[in-house]
Amino acid sequence: MPSNGNRPLKLQFGLINYEGRYLTAETFGFKVNASAPSLKKKQIWTLEQDSQDTQVVYLRSHLGRYLTSDKDGKVTCEADGHNSDCRFLIVAQSDGRWALQSEQHLRFFGGSRDYLSCFAQVITDAELWAVHLALHPQASLLSVARKRYAHLSMEDGEIAVDLNIPWGVVALLTLVYLDGKYCLKTCDSRFLSNDGKLLTESGRATAYTLELKCGKLAFKDCEGKYLSPMGPTGTLRSGRCSKPGKDELFDLEESHPQVVLMAANGRYVSIRQGVSLAANQEDETDMETFQMEIDKETRKCTFRTSQGNYWALVAHGGIQSTDTEVSASTMFSVEWLGHKVALKASNGKYICTKKNGQLLAVSDSIGEDEQLTLKLINRPMLILRGEYGFVCHHKNSNTLDASRSVYDIFNLQFSNGAYHIKGQAGVDDRFWYVNSAGLVCSDGETPEDFTLELLEHGRLAIRGKNGKYLRGDPGGTLKGDGLSLSSSTLWEY
């Protein structure tokens, strides 16, 4: 496993048939159809590979049941475990679409609307499925061959694949889905062209079809060649290969939040002076940036340095960046206090900043010296996905939808412990605000403060200046009237 300690993201996707409709697992009767016009919960499928034969895949629905085909070609989604009728082979086509073949019966799966079967002996248009990834589109990209991460290299104007840990905003890549193909977008909003150059506009040379091989991803360009890292820095561009080998394979990994912390003395918490943490620096570098990794069960948090070590509680309340493994002493509770945070160590004491800048976990209560300003640095482009779907502009009004299968990219700007959220530069430069009716609007002329709370693994909550949480409404609208935390107020980001 690479030094970042992340697991590759489970591949979740929608399958689109030749009529532009998504394969859907209905909640009742374990029926499947291809009637839905967009990608929502019922249209999301998870790919699982067979442990013995990596060519064989299983397709798991949102209900945790598996797609099956019997000898007569009848298709259901009822199996609650792997059996021989659930085994499929992916036959990838040159245009990136998939044909799914029953391994047991050697027939192909296809059809339209309620008339789906797995009985075709040859592949026609009706047996081809386009793949629409359902993951959150922001991730880190790991080269399987080099075991290094991709990042924007500003000075060379390229994506280089030479990071040991995906560190800083430059390591964040956004997968943009356009007409069945994907573009790779850097944190400064440029697109990767197949010749390795970064372009401000997307086009034919920036569009790639995704292929799967042994559970890894390959990116095929418009000429039928594959992206791979080249040369000493691993410049990412298309090579000469028209078949993907190990050099052309990548994993997508979750991008953890990375933060800088400012203490009450106006200085940044840093490891520049050695292993003991102190708030004594005036500028932000890798030495002042820490990766927050939130435990799924306890929701406690570890803070990781750019060298890969964790903050740990040591004797007499000291905090040092020495531990290489997660343990009780590396876990901290984060208390969200509006524009500030407080951190409680495993001894039950709050971290406070001493006069010399040293951090010690010795306080029983929260005063000024126990408060820190936390700034999220690796989400300048914000894409939010909630319980009902992605957040994007409403077509005909100034409100925002929170139940879409497509997303808009918003800009996140830090402002003294809070954030301003606005449309993309050059497209819609106006700000979010909560109106008197509790609706979130996107046409503000002046910025309004929102605060972020990184509460769960991969999910955050957002509060408006009214102190209420932003929530997705079952009707599809983004509202700023949530009184308490719930599934509708948590957002993948």
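The model is predicted.

**Before you start**

A pair of aromatic rings is described by two things: the distance of the centres and the angle of the planes. Rings pair if their centres lie within 6.5 Å. By this rule, the count here comes to 14 aromatic pairs.

**Stop 1: Tyr 208 and Phe 219**

Select both residues and show their side chains. Their ring centres are 6.5 Å apart. The planes of Tyr 208 and Phe 219 meet at 90°, so this pair is edge-to-face. Now colour the strands. Tyr 208 lies in the loop between strand S19 (198-199) and strand S20 (209-213). Phe 219 belongs to strand S21 (residues 216-220). The pair therefore ties together parts that are 11 residues apart in sequence. Are these two residues buried or exposed? Both Tyr 208 and Phe 219 are buried.

**Stop 2: Phe 290 and Trp 311**

Select this pair next. The ring centres of Phe 290 and Trp 311 are 5.1 Å apart. Their planes stand at 80°, over the 60 degrees needed, so the pair is edge-to-face. Phe 290 sits in strand S28 (residues 290-294), and Trp 311 in strand S30 (residues 310-313). The pair links distant parts of the chain, 21 residues apart. Phe 290 has 0% relative accessibility, so Phe 290 counts as buried. Trp 311 also counts as buried, at 0%.

**Stop 3**

**Stop 4: Arg 107 and Phe 119**

Finish with a charge and a ring. Which ring lies under the charged end of Arg 107? The ring of Phe 119 does, with its centre 4.3 Å from that charged end.

Key: Residues numbered from 1 in each chain as written. Predicted model: local features only at pLDDT ≥ 70, side-chain atom pairs only at ≥ 80, totals over all residues. Heavy atoms only, no water. Phe/Tyr/Trp six-rings, centres within 6.5 Å; stacked < 30°, edge-to-face > 60°. Helix = DSSP H or I, 4+ residues; strand = E, 2+ residues; numbered from the N terminus. Buried < 20%, exposed > 50% of the residue type's maximum accessible area, 1.4 Å probe, protein only. Lys NZ or Arg CZ within 6 Å of the ring centre and 35° of its normal.
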